[in-house]
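Take a look at the protein chain below. We will walk through it step by step, from the whole chain to single bonds.

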Amino acid sequence: MNNAVKYLVFPLVILFNGIVSVQLQSFLSTPPPDYNQRTSLRDCPKRFYTELDDGGDFVGAFGGFRVLRGEFQHMVAIGWSRAGGKIDYLCGGSLISKQFVLTAAHCKTDGNDLQPDTVRLGDTDLGSTEDDEFAQQIAIARMIVHPNYRGNRKYYDVALIELQQMAKFTEAVCSACLWQEKTLPDGAMDAVGFGATGFGEALSPTLQRVVLNHVEQEECAKRITVSKREMPQGFRMDQFCAASDGMDTCEGDSGGPIGVKLLDVGGTVIPLVTGVVSFGTPCAAGSTGVYTKVSEYINWIERTTNASYSYAVCSRETSCIGRPKETVNVNFERIYTQSRFGLLWKEGDSSLAECAATLIDYQYLLTTASCVTSRKGHPKYVVSKKDEIAAITDVYVSPLYKAGRPENDVALLKMEQYVNYTVYRPACLWDRGIDGEWGIDPKFSAFGLFNDTIIVTARNGTGCEDETMRGTDLRCFHNHLAMMPGVCWMDYGGPVIDKAFWGEVVSLYGIVSPLSKGCGSNLYMIDITPHIAWIEAIIVGRRDQYLVFSD
């Protein structure tokens with residue numbers, strides 16, 4: 001090897017010894033016949049893609065306002081049957097599964113100490129027959145009040161209603177998800193109910209929506225006067241307040257939901273219940289409501305119903321007709337090349353998504369330096385989506401990388417075996433100096449709840465870098481999407497590509513930077529163009545070398 005290449009490699013390499021290779025069907029123990037004849041990475045399209053047809057099957061992307069049908073499919077009216085067949089709907093609730101409704105504990109009885117006996121789903125106008133064909137009337141099997149609730153206190157105001165028969169999910173009826181986070185979502189929240197539209201007024205026959213903002217507890221304590229007997233501990237962490245200048249929840253809204261609507265992968269709009277209407281000041285302009293905080297009661301709800309209400313279960317196992325969808329840049333997608341690999345620090349590791357790497361040659365994968373120089377040490381294996389494992393023999397870290405800095409965060413991994421490229425097809429490096437600027441919006445690798453492949457497409461241009469990043473290899477793409485928590489994570493070290501159409505060359509623009517905090521926030525890419533000479537010096541320049549320089 002000439003001195004220039006030795007200088008590039010000498011400070012970078014750590015040689016792993018004693019790793020036992022795993023012979024896999026998709027990997028070969030000997031190199032292809034022309035392995036040592038490769039002189040440039042520019043032959044990637046011809047070398048790895050020529051036998052593919054351009055056609056073939058496409059593998060692609062898998063106060064208040066009147067509420068309309070389907071807008072709040074989880075809203076439940078809780079009723080008391082009276083003589084003569086009349087039903088008084090005095091409380092609200094949230095359908096959280098086909099069998100259970102979440103409501104307030106103080107809805108357990110009416111003013112005459114009678115318990116509710118029925119619920120109505122899918123009806124946005126209780127005073128007319130407008131929605132009757134979509135409505136479901138279901139008897140209550142039992143009401144389960146939180147064991148710590150006391151009628152003379154304002155605490156633990158939460159209950160569950162078990163239905164005698166399961167609700168049917170339709171375009172008008174569907175369950176909501178439960179907000180799991182200890183902190184409330186940013187921005188305004190929607191509260192819905194059939195409550196009075198003003199102080200002293202009758203209950204509304206039509207479902208109403210009010211838009212409210214979170215009020216800090218210190219300010220809430222100034223607005224709402226409560227007795228020491230009712231609230232001896234003052235406002236607690238399992239309660240929160242909300243208000244607006246001209247709207248609030250009122251009598252009859254008790255037990256109903258307050259929450260937000262956020263986007264799932266693919267653009268499905270998911271309602272998330274953050275609170276249950278509990279009590280408040282008399283409803284008028286500027287009035288304030290108090291809500292039971294749902295996230296503080298997740299464990300109780302799951303124990304009582306013997307079911308999970310995690311984001312994974314809610315978003316993937318609940319299929320509802322008529323849930324609205326938006327066109328978004330975050331979608332499930334299958335990459336036919338299967339060039340994305342996960343990194344493992346030991347063979348029994350369960351997480352395949354902590355860090356990723358992209359296959360760019362028979363033996364080499366590209367990743368971030370920060371992934372391979374963490375406290376865990378260097379990864380020992382790579383694992384494919386098919387759960388096939390191959391040992392790593394060498395790790396090369398860019399000589400420009402400085403620990404703790406986001407720029408030049410680039411590393412190469414060398415596998416002990418040679419990939420069968422008809423199974424795992426390497427991505428081709430996009431060189432902006434030769435190929436020009438990126439012609440297609442970059443597609444950032446991400447992953448979902450079950451390690452599903454997700455692509456976040458950067459559609460809104462660059463320019464969100466701070467001053468310290470200007471002139472470096474970092475590129476920031478504007479991205480802002482109100483995503484549901486816990487359904488999508490950025491794939492650190494993973495690929496940023498141009499496209500994934502069957503038979504077409506997949507070009508690698510860069511690497512997903514750890515600066516990318518979420519699928520709904522700005523996207524940061526490490527541009528590979530400045531690093532191609534270094535990458536090529538190792539992969540091509542050392543092709544016939546079987547000894548590795550090390551310290």
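The tour starts with the overall picture, then turns to a barrel, the cores and the disulfides.

This is a predicted model. The protein chain has 551 residues, and 56% of them count as buried. Its secondary structure comes to eight helices and 32 strands. The accessible surface is about 24,100 Å². Carbon and sulfur atoms account for 50% of that surface.

Now find the barrel. Six strands form a closed barrel in the order S4-S5-S6-S9-S8-S7, and their pairing is antiparallel. On average, neighbouring strands of this sheet are turned by 45° against each other, direction ignored. Look at one pair of strands. Strand S5 covers residues 87-95, and strand S6 covers residues 100-103. They run antiparallel and are joined by two bridges. Ser94 has Leu102 in S6 as its bridge partner. Helix H4, residues 298-305, packs on the sheet. H4 touches S6, S8 and S9, and its direction makes about 25° with that of S9.

Next, go inside. Nonpolar side chains tend to be buried together in soluble globular proteins. The largest nonpolar core here has 59 residues. Among those with the most contacts inside it are Leu343, Leu366, Leu412 and Ile535. Ile535 is also one of the buried residues of helix H8. H8 spans residues 532-539 and is mostly covered, with six of its eight residues buried. Trp534 and Ala537 are among the buried ones too. A second, separate core has 43 residues, including Phe240 and Tyr311.

How many disulfides does the structure hold? It holds seven. Here are three of them.

One joins Cys91 to Cys107, with an S to S distance of 2.0 Å.

Another joins Cys177 to Cys314, S to S 1.6 Å. Its torsion is about -85°, so this disulfide is left-handed. Cys177 lies in strand S10 and Cys314 in helix H5, so the pair ties together parts that are 137 residues apart in sequence. Both Cys177 and Cys314 are buried.

A further disulfide joins Cys464 to Cys476, S to S 1.9 Å. Cys464 lies in the loop between S27 and S28 and Cys476 in S28, so the pair ties together parts that are twelve residues apart in sequence. Cys464 is buried, with a relative accessible area of 15%. Cys476 is buried as well, at 0%.

Conventions. Residues are numbered from 1 along each chain as its sequence is written. This is a predicted model: local features need pLDDT of at least 70, side-chain atom pairs count only at pLDDT 80 or more; totals for chains, interfaces and linings use all residues. Side-chain values use heavy atoms; hydrogens and water are left out. Two strands pair if DSSP finds at least two bridges between them. Helices (H or I, at least four residues) and strands (E, at least two) are DSSP runs, numbered from the N terminus. Axes are lines fitted to C-alpha atoms, for helices over the stretch in contact, and angles run from 0 to 180 degrees between N-to-C directions. Contact means heavy atoms within 4.5 Å. Buried means under 20% relative accessible area, exposed over 50%, partly exposed in between (1.4 Å probe, protein chains only). A nonpolar core is a set of buried Ala, Val, Leu, Ile, Met, Phe, Trp, Tyr and Cys residues joined through side-chain atoms within 4.5 Å. Accessible areas come from the Shrake-Rupley method with a 1.4 Å probe; for residues, only the protein chains shown count as cover. A disulfide is a pair of cysteine sulfur atoms within 2.5 Å.
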